[in-house]
Amino acid sequence: MLNKPVELYRDTLRIIDQSRLPDLMRYEYIYTLSEGVKAISELKVRGAPLIAIFASYLVAMLAIRSKERNFKRLKNRLLKAIDKIENTRPTAVNLFKAMREMRDVIQKAEDREHLIKDLREKAEELDRKESMNCEKIAEYGLSLFEKGKKYRIMTICNTGYFATNHIGTALGIIYKLHEKGMLERVYVPETRPLLQGARLTMWELSQNSVPAVLITDNATGFVIEKEKIDAIIVGADRIAKNGDTANKIGTLNLAILANHFDIPFYVAAPFTSVDVNISSGLEIPIEKRSEDEVKWVRKCLITKEDARALNYAFDVTPNFLISGIITDRGIFRKPYNLT
Ligand code: MRU
């Protein structure tokens with residue numbers, strides 16, 4: 001496996017800068033709140049569970065590094081830092097859940113020493129829990145497939161190591177299928193505009209010797225039919241109580257295609273991606289990102305400079321298109337009622 005995309009060493013937070021992969025495998029060291037906020041906003045760290053893990057370590061690191069000696073002021077500074085961190089990416093609910101836990105720790109702490117210790121321990125606990133969640137999702141996911149058969153699976157974006165710090169959600173299931181000799185091949189759409197499929201998923205699958213093939217996003221329909229794809233497995237950024245699921249833009253297209261070709265369409269996500277406070281996908285805030293991300297591919301302008309572009313980072317798949325939601329608490333089926 002690769003080195004961890006996010007790790008806290010003493011008072012320094014180290015990340016793999018995912019925005020530069022695969023051409024540049026570079027560590028970046030985060031020392032301040034603004035560097036941390038930038039890392040999330042610019043997708044140097046990304047993927048719903050990893051954003052939450054990184055944000056938790058960031059809060060712990062800010063407490064460790066703070067020179068503020070007044071305990072009350074230190075607490076207030078950290079609470080304000082959390083407000084800023086929460087203002088980065090609105091769709092994945094994992095970030096907000098983790099920040100709620102970090103806020104609780106700050107509010108309960110009685111002195112500086114305990115505050116620092118408890119924040120670090122909470123961040124480590126959240127990281128460890130996501131590791132266990134990934135393992136459980138992979139086991140439940142595996143149970144959906146018949147032993148002795150070999151499967152052709154399509155996915156989207158990156159839901160593996162780079163999105164979770166651990167084996168991943170949808171990709172965790174794919175790793176497990178490969179480990180058991182049940183995987184023929186993974187089909188990876190490039191995932192425009194930021195190419196998480198091409199840049200990250202292809203890279204991590206090749207590092208782990210998993211057979212994978214890259215396709216363009218607009219090839220998905222034809223490839224499903226021509227290559228006889230057996231199932232589609234995707235991740236999630238926020239799942240409403242009724243099963244409606246926000247995930248990387250393009251996921252809805254895959255769900256519609258899966259329905260058309262009558263193959264299973266699974267969502268794989270930890271329960272930390274479930275928002276029990278919202279009843280349907282209509283309430284999920286969808287991040288809209290810069291037009292430039294669509295107009296430029298890496299450093300190349302692919303349209304007229306003054307062209308307008310529309311860049312929704314996520315879409316919402318309605319529950320009726322989802323064959324099952326694979327979580328660390330088991331597999332949920334229609335009609336969904338995630339509580
Ligand atoms: O914009 P990103 O790269 O953060 O989007 C990531 C996704 O949409 C993933 O599918 C999702 O976060 C699940 S990661 C286990």
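Let me start at proline 335, which lies in the segment after strand S16 (330-332); strands here are DSSP runs of type E with at least two residues, helices are runs of H or I with at least four, and both are numbered from the N terminus.

Before I go on, a word on the ground rules. This is a predicted model, so local features need pLDDT of at least 70 and side-chain atom pairs count only at pLDDT 80 or more, while totals for chains, interfaces and linings use all residues. Residues are numbered from 1 along each chain as its sequence is written, and side-chain values use heavy atoms, with hydrogens and water left out.

Now to strand S10, residues 265-268.

Strand S7 (residues 231-234) runs parallel to S10, joined by three bridges; two strands pair if DSSP finds at least two bridges between them. In that pairing, isoleucine 232 has phenylalanine 265 as its bridge partner. Strand S15 (residues 324-327) pairs with S10 as well, again in the parallel sense over three bridges, and there valine 267 stands opposite isoleucine 325.

How many aromatic pairs does a search of the whole structure find? The search finds four, where rings of Phe, Tyr and Trp (its six-membered ring) pair if their centres lie within 6.5 Å, and planes under 30 degrees apart count as stacked, over 60 as edge-to-face and the rest as tilted. Phenylalanine 145 and tyrosine 151 have ring centres 4.9 Å apart and planes at 70°, so that pair is edge-to-face. Both of these residues, phenylalanine 145 and tyrosine 151, are buried. Ring pairs link Phe145 and Tyr151 with Tyr266 in a cluster.

Two arginines sit over rings, too. Arginine 14 lies over the face of tyrosine 27, at 3.8 Å from the ring centre, and arginine 329 lies over phenylalanine 271, at 3.8 Å from the ring centre. The test is that NZ of Lys or CZ of Arg is within 6 Å of the ring centre and within 35 degrees of the ring normal.

Next, the open sheet. Its four strands come in the order S11-S8-S9-S14, with mixed pairing. S11 (274-275) and S14 (314-317) are the edge strands, each pairing on one side only. Strand S9 (residues 245-248) pairs with S14 in the antiparallel sense over four bridges, and asparagine 247 stands opposite aspartate 315 there.

Asparagine 247 turns up again at the ligand. Of the 18 residues around the ligand, Arg46, Arg89, Asp237, Asn247 and Lys248 come nearest; a residue counts as near if one of its heavy atoms lies within 4 Å. A polar side-chain atom of arginine 46 lies 2.5 Å from a ligand oxygen atom, one of glutamine 196 lies 2.8 Å from a ligand oxygen atom, and one of asparagine 247 lies 2.7 Å from a ligand oxygen atom. Taken alone the ligand exposes 410 Å², and the protein buries 100% of that, by the Shrake-Rupley method with a 1.4 Å probe.

Last, a few loops. Where is lysine 228? Lysine 228 is in the loop between helix H9 (220-226) and S7, with phi near 55°, a positive value in a residue other than glycine. Lysine 228 is exposed, at a relative accessible area of 62%. Aspartate 262, in the loop between helix H10 (251-261) and S10, has a positive phi near 60°, and aspartate 262 is exposed too, at 69% relative accessible area.

Key: Buried means under 20% relative accessible area, exposed over 50%, partly exposed in between (1.4 Å probe, protein chains only). A polar contact is a pair of N or O atoms within 3.5 Å; within protein, one must be able to donate a hydrogen and the other to accept it, and residues adjacent in sequence count only if both atoms are side-chain atoms.
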